[in-house]
Amino acid sequence: MWDYSKKLKDHFFNPRNVGEIDNPDGVGEVGSLACGDALKLTFKLDENKRIKDAKFKTFGCASAIATSSVLTEMIKGMTIEEAEKVNNKDIADYLGGLPEQKMHCSVMGREALEAAIDNYRTGGKKKHELEGKVVCTCFGVTENEIERVIRENDIETVEQVTNYCKAGGGCGGCKGEIERIIQKVKGKKAKPAVSKSAEKPKELTNIQKIQLVQQTINEQIRPSLKSHGGDIELIDVEGDKVIVAFRGMCAQCQVSEFTMKEVVEAKLKEFVTDSLYVTEAEDSLNKPHKHRSD
Amino acid sequence: MNTVYLDSNATTKVDEEVFEEMAPYFCELYGNPSSMHTFGGQVGKKLTQARQRTAELLGCLPEEIMFTGCGTESDNTAIKGTLVAYPQKKKIITSRVEHPAVLQVCRDLQSKGYTVVEVDVDKKGRLNVQQLEDELDGNTAIVSIMHANNETGVIFPVEKIAELTAEKGVVFHTDAVQAAGKIPMNLSDSSVNMLSLSGHKLHGPKGIGILYVKKGTRFTPFILGGHQESGRRAGTENVPGIIGLGKACQLAKKYMEEENRRVKNLRDRLEEGILGNCPDCWVNGNKENRLPNTSNISFEYIEGEAILLMLDQHGICASSGSACTSGSLEPSHVLRAMGIPFTAAHGSIRFSLSRYNTEEQIDYTIEKMPEIINRLREMSPFVVK
């Protein structure tokens, strides 16, 4: 059983500010059902541009719910400039600490806040999206994000990175890459990267391109899908359009639009060529979204 | 607040008769059964009786029973002991839904050069026996398939598998940790070569297990350093543990039929009560062929650990296949192998009953469940009012 602080339990059993604000000034949505936790944060500003009200809706464990609840309390009364300085450590400290393996909940809180602020600044246009190279395919975590948690939490090990942002917690295929990022951020001599470097050939014939796409799918993408009980099939390559079908769990997953297609596209751009884009084959899209197991 | 214990697949209460039987063997009759004096020797007689009692539950010969430290040790010993006995064979067949005590051992062996085949299950958790049959070949050293699944309670056709493996001359091991004491067994009439059992799952003590090894099965000891257990498992016997396990097996055999009827009724009552009162939930696993005590229910759009903590507040103990409860980031490998959507795997709760549960406890749980589910759904961003 987790050793949760009194304050955390209080915020889990008596969460503050549950719900959604009508016509909010900022909305931040992060996480997904597939990842096991998701948070939707909404806030409203007063006439002095201070956060007047903040509400949350969270899918997740006790610490995810408690983190969301304290976050809404923390940011009330803050200006946007003050709110954007809140980092995951502040949230965890405010809760009286989090178990190490649950630190990713505090990072999710900070991400949601950031997404909501971005959304406010862009006038409701910007939604949370992946920025930078995707390192962890299982949980869709980018290099930027990993670097940030390493810096903000003074992280030394791959295991800690997994605890703080989930990267490396699925199939484990990106652990070598995470190790390299830790070395880089910590300013130590970088070890040779364990994973294959993404050196892209300059000119590709059609045949070479298809082969490289297939190879990237086999080596970089399939292992993580498999570890989720899913699979991917390369249907065709037409120019820069890569047509794939998701099988098993991935085909039914309602968040596959985000975690799968986007991640596959990022990996193909990284390993093959920047101009590629991914679409899903008809049969994969048309599969009924079945929730019932029988 | 009274505890409502609905987590009997994790561990069970030690039966008081079991405890009484064990008690003298700590401070009074503490002798070593291997000793040459009467004081130690009398303990040996009690161990013989315990071995006899466990053999009766399994329907086998007492000399086919080997006591181990736990179910996990039994599984490790069975698999590794067989591989050493058949050094020329390099293939292991298991299933995707095994307990980690089998699955992790197999995956570790895979990294050491063995070929491991993990047989699939369907969406109801039923084993693809045809796939298993197709994979059986001359290179296969061992097939290890559980008797009943710990998370869903789904029962596998072990007798059918035993026939297939016997035909091909392949050793068949089954992890019966959850099945023992709930499913009648007669191993003397079966082609199962090895079977694991754990004391604390059937109202015996923790720290004691059994590996049944059928006479004539090639096997190499895993733990060396003494003559105990006929040289197959060295180490001074866990005397009170063995005696307690013997008693627990005796009681299990005595009460099995009557209990399974009563426990099954309670389980069905709990299931119907929850499904009837909570929307968007369903039972995972094949309802037609399940352990009588287990119910695995998925609640959509909410997360298992949060449900467990709220149940805990009411004194109700259960467990979950969600990622957060395991400390890992992935939800249950069993539910994923069944193709249960993530939405439902994260929100799965396992209730597992025992003969100590009462109708009042079940009704109390049925009463508390809807308010917990509703509270969490109100917080969920995936529930739109």
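**Entry 1: the sheet in chain A**

I began with an open sheet of three strands in chain A, ordered β1-β2-β3 with antiparallel pairing. Two strands pair here if DSSP finds at least two bridges between them. Helices (H or I, at least four residues) and strands (E, at least two) are DSSP runs, numbered from the N terminus. β1 (26-32) and β3 (51-59) of chain A stand at the edges with a single partner strand each, so one side of each has no neighbour in the sheet. I noted that the twist averages 10° from one strand to the next.

A note on what I am reading: this is a predicted model, in which local features need pLDDT of at least 70 and side-chain atom pairs count only at pLDDT 80 or more, while totals for chains, interfaces and linings use all residues. Residues are numbered from 1 along each chain as its sequence is written, and chains are lettered from A and ligands numbered from 1 in the order in which they are written.

Next I looked up how β2 (residues 37-45) of chain A meets β3(A): eight bridges join the two, which run antiparallel. Leu45(A) stands opposite Ile51(A) in β3(A).

Helix α2 (residues 62-75) of chain A lies across β2 and β3 of chain A, and runs at about 175° to β3(A). Axes are lines fitted to C-alpha atoms, for helices over the stretch in contact, and angles run from 0 to 180 degrees between N-to-C directions.

**Entry 2: a helix in chain B**

Which residues of helix α7 (residues 158-168) of chain B are buried? I found Val158(B), Ile161(B) and Thr165(B). Buried means 20 or more other C-beta atoms within 10 Å of the residue's own, exposed means 12 or fewer, and partly exposed is in between, with C-beta atoms placed from the backbone.

Seen down the axis of α7(B), these buried residues fall within an arc of 60°, so they line one face of the helix. The arc is that of the directions from the helix axis to the C-beta atoms. Their cover includes α6 (129-135), β5 (140-144) and β6 (171-175) of chain B. After α7(B) comes Gly169(B), with a positive phi near 70°.

**Entry 3: where the chains meet**

I then checked the two chains together: 34 residues of chain B are in contact with 31 residues of chain A. Contact means that C-beta atoms, placed from the backbone, lie within 7 Å.
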